[in-house]
Structure formats: structure tokens, C-alpha cells
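Hi,

Here is the structure I promised to pass on. Have a look at it first, and then read my notes below.

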Amino acid sequence: MLQLLRHQLVRRACRSSSARFARVIPRCSPKPAARDLSTTVPLRSSAFAPQTQIFHDVAGLRQLRKDLLLNNRTVGLVPTMGALHEGHLSLVRQAASENTDVFVSVYVNPTQFGLNEDLASYPKTWESDMRMLHALDRELASLSHGRVSAVFAPNTKTMYPTLPPDSSIPGVGSFIEMRPLGQLLEGASRPVFFRGVATVCMKLFNICAPDRVYFGQKDIQQTVVIRRLVKDFHLNMEVKIGPTQREEDGLALSSRNVYLGLRRRNVGIALNQSLRKAEEQYKSGKRKRGDILWPAMAHADRIQLEQDSMDPAKRARFEVDYISLADPVTMEELEEMDETRGAILSGAIKMLPVESPRDGEELGVGGGLIPVRLIDNIVLDPVA
Ligand SMILES: Nc1ncnc2c1ncn2[C@@H]1O[C@H](COP(=O)(O)OP(=O)(O)OP(=O)(O)O)[C@@H](O)[C@H]1O
Ligand SMILES: CC(C)(CO)[C@@H](O)C(=O)[O-]
Ligand code: BAL
């Protein structure tokens with residue numbers, strides 16, 4: 001019904017505004033326009049011409065969104081915190097294959113960082129982010145896919161018009177929360193995290209009005225929270241999840257990996273190895289929590305002990321926060337799996353600061369002093 005209304009709105013709008021938008025892939029206007037009155041929609045005279053417009057404020061982006069809607073084009077939104085890598089780009093590619101236009105938001109959202117977390121040191125790589133998006137946009141042009149039409153990079157005054165944004169647990173401000181979903185697992189260790197994520201995503205969705213939103217499976221609980229947000233607040237958009245992009249040995253790509261340095265990076269793979277051991281149990285027919293999780297716990301314990309007993313100049317110590325077998329919709333822990341429903345295996349470890357750095361050792365951004373939280377997961381698909 002909504003789709004029908006939307007269609008009618010677009011068709012009505014197209015009839016009355018074809019001249020204005022005729023230079024923008026004019027799907028509903030066969031005649032070339034006499035004049036281009038649009039100030040926001042880029043020319044598409046050459047498919048290879050740079051397309052991406054950068055917005056720091058809401059009004060310009062909203063105008064572009066309106067213009068696109070009136071031209072019957074679709075928008076896929078990829079929310080990010082910048083420091084882009086192949087994981088982000090894979091989501092943009094997916095969005096471009098399913099929409100005519102892709103919006104990428106770049107905003108390090110303060111309300112999802114606890115007061116003692118790494119907000120201040122979160123990597124900021126604006127120039128290289130833009131270079132990557134421009135290069136990807138050129139690649140998309142040659143594939144005749146959708147293009148990266150907009151990068152939305154607001155400041156905090158724009159995102160939180162009633163300042164200041166509060167990251168304390170009592171939290172003064174306007175927030176969205178999912179309970180208990182947002183308090184489990186990542187939420188137990190980062191108590192304001194999902195409140196901040198749900199709140200900023202609601203703002204981004206309201207500003208961008210996307211047809212589809214794209215999130216990575218790497219942050220699996222976040223995808224569950226977003227699905228819940230869209231369902232419970234009747235948001236008119238589809239949630240799409242892209243697969244986790246990994247290094248060759250299985251380490252999930254993550255913006256925070258730049259802090260690891262070689263020593264911690266090589267040990268950090270223990271999390272993925274542990275989860276894969278649990279997955280093997282599921283594949284071999286095990287359905288009880290203990291049977292599935294014990295080899296994962298045992299593997300993580302073994303690597304931890306190995307590291308603890310090594311020379312401080314060589315080791316990379318870590319703490320296991322959790323290894324979980326949870327329901328795919330509620331994220332509540334399972335004692336036994338219902339194989340028709342599937343489950344989510346997930347885990348988090350904290351890589352501790354590097355001890356006794358050696359001369360010339362590659363320690364990563366921050367000189368090995370910043371603790372790094374690594375998360376990963378494997379979806380156990382339902383058995384048909
Ligand atoms: N390896 C990956 N594969 C697929 N998607 C990813 C990957 N890493 C991040 N994403 C997705 O990109 C989007 C933006 O994530 P974000 O900017 O926080 O990057 P990040 O690498 O997850 O950073 P962080 O170090 O904070 O975890 C999220 O939907 C996230 O799930
Ligand atoms: C979804 C998000 C951009 C919200 O700030 C962030 O949590 C992230 O990058 O995954
Ligand atoms: N990738 C999720 C954002 C965060 O960890 O803060």
C-alpha cells in the first residue's frame with residue numbers, strides 16, 4: 001500500500017517537474033530540459049564524471065533526496081564512522097548494485113562511546129576515505145551500477161541539535177533504547193553503545209530517508225538492533241546485511257585493527273579460530289550449548305595460557321570478554337539450539353597493551369599502548 005502511494009506520488013511529481021530534473025537520468029521525462037534548475041543533483045552527461053557530493057548539513061542532503069525521489073530513483077544508505085576499509089566498500093558495492101544512488105555517512109558518533117572508551121583516539125582518515133569513495137565511484141560508473149551520490153559528514157551540533165550529547169549511563173537527552181536486546185553481550189560491556197547506535201541511526205534514517213540501509217555482519221548484534229529499530233518504529237526501509245570481509249587468515253577487517261601492530265594482530269586471530277571450532281561442532285550435528293562451545297573456550301584458553309607464559313617482549317596478552325551461542329532475533333543465550341531457527345556464535349576479546357616493545361617493532365597506530373577490542377561472529381544457518 002505504502003509502495004503504491006509512493007509510486008503515485010512520484011508519478012504525479014514527475015508529470016509536474018520533468019523540466020527541472022531532465023538532466024538527471026530522466027526516467028520519467030523523455031524530453032531534454034530547456035534549462036537545468038536543479039542546484040543539487042549532479043549532471044550525468046558523462047557516466048565517468050565525478051558524482052559524489054559532500055554534505056555537512058541536513059537541508060542540502062534532503063533536497064537531493066527529494067530530487068531523487070521525484071525522479072523515481074532509489075537510495076541505499078551505508079552508515080559508517082569513516083576510517084574506511086574493504087568491509088565498508090563491500091557494503092557500498094552491494095548498495096550500488098541494488099539502488100540507483102548510494103549515500104555514505106561518515107560520522108564518529110559520540111553517544112555510542114562510553115566515557116572511558118576510545119572516542120578521542122578513534123581513527124580519522126577523511127582524505128583517504130574520500131579518495132577510496134571517488135575511486136569506487138569511478139569503478140561503479142564503468143559497471144553501470146548505482147553511483148555514490150552523496151557523502152554525509154555532519155558535525156555534532158547538526159546531529160545533536162540539543163547539545164551536549166551525553167555518553168553517561170543515566171544519559172540526559174533524546175535516546176532510543178532496545179531492552180533487553182541492547183544490554184546483552186556487546187551491550188553488557190559497552191552499556192551506552194546500542195543506545196547511541198540506535199539513536200544516531202534513527203537520525204541518519206530520518207535525514208536520508210533511504211529505501212535500503214546496509215550494515216556489515218561483522219557487527220552482528222548491531223544488525224539485530226537495527227532490524228528491531230526498523231520493525232518497532234515502522235520505518236519504511238529494507239535492512240540489508242553484507243558478509244564480513246576478512247584478511248586471508250580469517251581476521252575480520254575493522255577500522256580499529258590499525259592499533260594492533262604485528263604482534264597483537266597475529267594473536268588476535270585466536271577469536272576467529274575459536275568460533276570456527278564451535279561451528280565445526282554444529283556442522284557435525286551437535287546442538288547443546290556445552291557441546292558446541294567447549295572447543296571454542298578450550299582453544300581461547302590454550303592460546304591465552306601460551307601467551308601468558310611467554311617472554312613479555314614477545315607475547316600479546318588478551319582477555320576473553322565472551323563467547324556466545326545466542327538466538328538470532330533476541331540475542332539471548334541458548335542452552336540448546338533449535339536447528340530450524342539457527343543461532344549466532346559470537347565473541348569478543350580485548351587485546352591488552354603491548355609489553356616491552358622491541359627496537360624497530362611495528363606496533364601500529366598508538367605505539368601498541370591502546371587496548372583493542374576485537375569482535376567476530378559466525379551465523380549458524382537453520383537446517384531446512
Ligand atoms: N569486515 C567487515 N566486513 C563487512 N562489513 C564491515 C566490516 N567492518 C565493518 N563493517 C561494517 O561497516 C559499517 C561501519 O562500521 P564502522 O565504521 O564502525 O567500521 P568498523 O571497521 O566496524 O570499525 P570499528 O573498528 O569501530 O569496529 C558497519 O555496518 C560495520 O558492520
Ligand atoms: C552504524 C554506525 C555508523 C553508527 O554510528 C556505527 O555503529 C558503525 O560504524 O558500525
Ligand atoms: N563498528 C561498531 C562501532 C563501534 O564499535 O563503536
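Before the notes, a word on residue classes: Ala, Val, Leu, Ile, Met, Phe, Trp, Tyr, Cys and Pro count as nonpolar, Asp, Glu, Lys and Arg as charged, and the others, Gly among them, as polar. Keep in mind that this is a predicted model, where local features need pLDDT of at least 70 and side-chain atom pairs count only at pLDDT 80 or more, while totals for chains, interfaces and linings use all residues. Residues are numbered from 1 along each chain as its sequence is written, and chains are lettered from A and ligands numbered from 1 in the order in which they are written.

Ligand 1 first. It is surrounded by 18 residues (C-beta atom, placed from the backbone, within 6 Å of it), and the closest are Gly87, Gly216, Leu253, Ser255 and Arg256. By class, this shell has ten polar, five nonpolar and three charged residues. Helix 3 (86-98) and strand 5 (212-216) each put at least two residues into it; helices (H or I, at least four residues) and strands (E, at least two) are DSSP runs, numbered from the N terminus. Helix 3 gives the largest share, four residues.

Eleven residues of domain 1 and 16 residues of domain 2 take part in the contact (C-beta atoms, placed from the backbone, within 7 Å). On the domain 1 side, helix 6 (186-189) and helix 8 (220-232) are the elements that give two or more residues, and helix 8 has the largest share with three residues.

Cheers

Key
Contact = placed C-beta atoms within 7 Å.
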